[in-house]
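Let's take a friendly walk through a structure together.

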Amino acid sequence: MRVGVITFPGTLDDRDAARAVIAGGAEAVALWHADADLKNVDAVILPGGFSYGDYLRCGAISRFAPVMKLVIEAAGKGMPVLGICNGFQVLCESHLLPGALTRNSDLHFLCRDQEIEITNTQTAWTSSYSVGQKIVIPLKNGEGSFQCDDETLAQLEGEGRVIARYVGQNPNGSRNLIAGISNARGNVVGLMPHPEHAIDALTGPTAEGLGFFTSILNAMVK
Amino acid sequence: MAKIVVDVMLKPEILDPQGNAVASALPRLGFTFATSVRQGKRFEIEVVGDPTSEQLAEVEKAAEVLLSNPVIENYVVRVEK
Amino acid sequence: MALDTVAIAQTTPDDIQPFAQLGLKADEYARIKEILGRRPTSSELAMYSVMWSEHCSYKSSKVHLKQFGDKAPKSDALLVGIGENAGVVDVGQGYAVTFKIESHNHPSFVEPYQGAATGVGGIVRDILTMGARPVAVMDPLRFGPADAPDTRRVLPGIVAGVGGYGNCLGLPNIGGEVIFDETYAGNPLVNALCIGVMKHSDIKLAKAAGAGNLVVLYGAKTGGDGIGGVSVLASETFGSGGSTKRPSVQVGDPFVEKVLIECSLEIFAEDLVVGIQDLGGAGLSCATSELASGGSGGMKVALDKVPLRDPSLSPEEILMSESQERMCAIVEPEKLARFLEICAKWDVTVTAIGEVTDGDRLIITWNDQVIVNVPPRTVAHEGPVYNRPMAQPAYIDDVNSQVVQLPIPSSAAEIRATVLQLAGTPNLADKSWVTSQYDKYVQGNTIQSQPDDSGMIRIDEKTHLGVAISTDANANWSYLNPYQGAKLALAEAARNIATAGARPLAVTNCLNFGSPEDPGVMWQFAESVRGLADGCLEMGLPVTGGNVSFYNQTGAVAILPTPVIGVLGVIDDVRTRTPMSFDVAGLDLYLLGDTHADLAGSEWAFMHGQRVGQSPTADLGREMRLIEVLLAGREEKIFSAAHDLSQGGLSAGLTEMVLRHSVGATITLADVGISLLSESPGRVIVAIEASKTDALSTLAAKYHITLSKLGTTGGDSLIINDAVISLAELRTAHTATFPKLFG
């Protein structure tokens, strides 16, 4: 199976995401923001970074990249899409996911090993985990505080679309400790912390992030 | 009710990466009107009643020491009805 | 607006020029006239003044820095030495690593965020210029007193700037230092280090060879950044009010730099450049004159072709502008089309501004009129050289003749209080408040980072080859004895990478000092360089490059002499490194090395306001034997953990080890006060399984390193003789300091 990893100008974690895709057992396919086709990929990852410098608003300029038009179309047809960190911000700006990521409550960029709890294993990207499973993966961002209106929050919670929550002290002020959410169909997932940096305990805090990249194989087998 | 508005802009000679990024994104979306974009900050400050000249002077001071970085930014204080 | 051309300069030899306001001395100005056989044009004056500045010409330090070449040990590892943008060393398997450290001290005091950010940007471009992919950064920082109001302005801004720029470039920040001392108030030190990796065949040099090849400027457009000084010329030339006020602050755009990195690496991969130079200090003046000097000397540049952000800039200002994120490449004409294509892909502005010519003159035109016609070597390399007067300052004999008078803890209560106090003192306290603002994970190759003894990066994912790097300075020792201080810093940096099992390979340095016009400071500098050069010779480590920052001084008070020494080492398999601490109970803890009553220049002395006595004397032979023990111990899998002792001595070392994985230790010490507080150099704590006892003894005996048992690991307290300190209270003391100071 082929998993596309999109590089926007300013994307940083594309190589890491590709490495994680390979570690998960799939083929990583490099996609460029200006590409006019998705090269027959079966799923797409929008990796972390500072696309377009995160100027204006994080993800605000990237959402208009030519490749995003195709991603939005494909996502509508059910293609699995995972946005990590800056990728999550792009998915929100693209309205594939509700809400927005705002500045961390303490106003600092924060890089640390973060415990999260997986709360939904029905999505394309979380099926390798069990509900309630706690994992430690890096969190690193300056604008990771998930915000939305009360109605949206009630809907996300009501439909079980919060896929992961921070454990312990809220690292950035996210509502309901939200670390990640999915769309209603479960194929589009946005996650603030970085599973691609936790696929090997040699370079990450743990190897517990690998599940996101093995989950996608399960999704395809189905 | 009137409020005090402080606009803080990077000085014209200072590089504005954010403004540049917006300026180059506009034509990609078909907006061709802009020759340059500068991005700044706007503070809206409310006081009881209409602002007095003493308050404005205080705000000027606050703009100098806190709201702006005088090394790279200019500010303008005004009253908006 | 009158343009000052070479033709005009020839006909108006007696025009008065503002050379003094540009920082040139009368004899320097006279020499320029002698070189040119006429008065310089205002553009030439701009170029000479900036290139002959202390910052660019090293005119006060050159005579001393020569020792790094004269005393250079024979090394097969050195591929590119001093003189290029950065040194390059062979790390095996066909890989070459380039690394360098630079200061951005003064700009960071004026505008902390942008000063620090552009400091990172500048060193990263230096590394990129060598043809390497930048893979990590590191930032040794020094500030005024932790509780001083100005430190609260400067530190958060500098930390945010380092993080803001480095994070956005996707470079893991893998270490550094944060040290406080009152002499750094008003003179914060922002030193930035970058490491890059390439294959041997990819090394690029700053040379403009091959007549007819094009001079191509790419990256950001040129604005009025950092040309505060030259505005004196602009107003001279154009009359008052002719140009807008020029900022002396440079603003960085990390997004543009990130794109520039990827664009450049793609260009390098297709072998599209003959030579390359980044635009840093002195901008185009530096890039054109250095590139031309690197070749045969001939180059012609049409300055009016330079893309401008601010169209009102004068030619003099364009030559001096320090706008960030720009590169200058020498490109064969037939390769230009592909070069432009790659720039278009990355949306990078690119313009051919000139060509390499036969002959040996750098000629710059403005709308076809010649405004510069100089021999480029005289601009880039043949600047003035000063043998500045130096004299041992009076304080040296005074402080050396005194003896530190310090309270030495002995009772359990005193030991507890001392360990907790050291754990929380700003210089030794947990630095997570700083380092959590830096991305350490990006690129997925970080093996070690703060708070480990050194940073370590994996270079090859298949073979697991890696490099380790550490930067160190002990300014307190350098103050007491600059010669020994430099040697001790070298030894410490080497030891810090050896604890993990990496073999030291090469040295870089950033020498931060006060004013070279003060003979006492000049002596401190000369002694430091002599110490470092002697130390490198003895340890067999080549100096690959470095940076000098003078004038870190407020009034008559100079900063402590602060030679920051970086040592790079190689490790064949990062998976087998020795970790900095233990995560299991039941291990035995040993001390390698000898402890003497070395309290002069210690953190304990600093905390008691005492900066007197004599620094320890570096025994580099013993340091090298200790390094062999550490390397052999790693290879023979003897060590479960190893941690260097430095500032804060055994007390700080134990604190850091037990807190790392929340596993306590029980320690028994004779002469407990001195044992805990002494900062005798050349010491390492190691943790081993009991079964390795004989192997460790044999190894230590083989290399004549003293071995003494400290205790065992386990429990949830640090117990020293009869003093019990719970890990919880120790952690609170260690971690509360920075949040309390800086929010």
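This is a predicted model: local features need pLDDT of at least 70, side-chain atom pairs count only at pLDDT 80 or more; totals for chains, interfaces and linings use all residues.

You can find A:L177 in the loop between strand 9 (162-166) and strand 10 (178-182) of chain A. Its backbone is worth a look too: phi of A:L177 is near 60°, a positive value in a residue other than glycine. Most residues other than glycine have a negative phi.

Now turn to chain C for another residue of this kind. C:N367 is not glycine, and its phi is positive as well, near 50°. This residue sits in the loop between strand 12 (362-366) and strand 13 (369-374) of chain C. Is C:N367 buried or exposed? It has 10 C-beta neighbours inside 10 Å, so C:N367 counts as exposed, the limit for that class being 12 or fewer.

While you are in chain C, look for the loop between strand 14 (446-448) and strand 15 (455-458), where C:P451 has its place. The peptide bond joining C:Q450 and C:P451 is cis, with omega at about 5°. Most peptide bonds are trans.

Next, back to chain A and its sheet. Nine strands form an open sheet with mixed pairing, and their order is 2-1-3-4-11-10-9-6-7. Which strands stand at the edges? They are strand 2 (27-32) and strand 7 of chain A; each has a single partner strand, so one side of each is left without a neighbour in the sheet. From one strand to the next, the twist averages 25°. Strand 1 (residues 2-7) of chain A pairs with strand 2 of chain A in the parallel sense, over 6 bridges. To see this pairing residue by residue, find A:T7, which stands opposite A:W32 in strand 2 of chain A. Helix 1 of chain A packs on the sheet and touches strand 1, strand 2, strand 3 (43-46) and strand 4 (81-84) of chain A. The direction of helix 1 makes about 175° with that of strand 1 of chain A.

Helix 7 (residues 112-129) and helix 10 (residues 254-269) of chain C pack at an angle of about 5°, and their axes are 11 Å apart. These two helices of chain C are therefore roughly parallel to each other. On the helix 7 side, C:G121, C:V124 and C:L128 meet C:P254, C:E257, C:I261 and C:S264 of helix 10. The residues of this contact divide into 4 nonpolar, 2 polar and 1 charged.

Finally, see how the chains meet. In chain A, 24 residues are in contact with 25 residues of chain C. The elements giving two or more residues to this side of chain A are helix 1 (14-24), strand 6 (110-118) and strand 7 (134-141).

Terms used
Residues are numbered from 1 along each chain as its sequence is written. Chains are lettered from A and ligands numbered from 1 in the order in which they are written. Two residues are in contact if their C-beta atoms, placed from the backbone, lie within 7 Å. Helices (H or I, at least four residues) and strands (E, at least two) are DSSP runs, numbered from the N terminus. Two strands pair if DSSP finds at least two bridges between them. Axes are lines fitted to C-alpha atoms, for helices over the stretch in contact, and angles run from 0 to 180 degrees between N-to-C directions. A residue is buried if 20 or more other C-beta atoms lie within 10 Å of its own, exposed if 12 or fewer, and partly exposed in between; C-beta atoms are placed from the backbone. Angles under 35 degrees count as roughly parallel, over 145 as roughly antiparallel, 65 to 115 as roughly perpendicular and the rest as oblique. Ala, Val, Leu, Ile, Met, Phe, Trp, Tyr, Cys and Pro count as nonpolar, Asp, Glu, Lys and Arg as charged, and the others, Gly among them, as polar.
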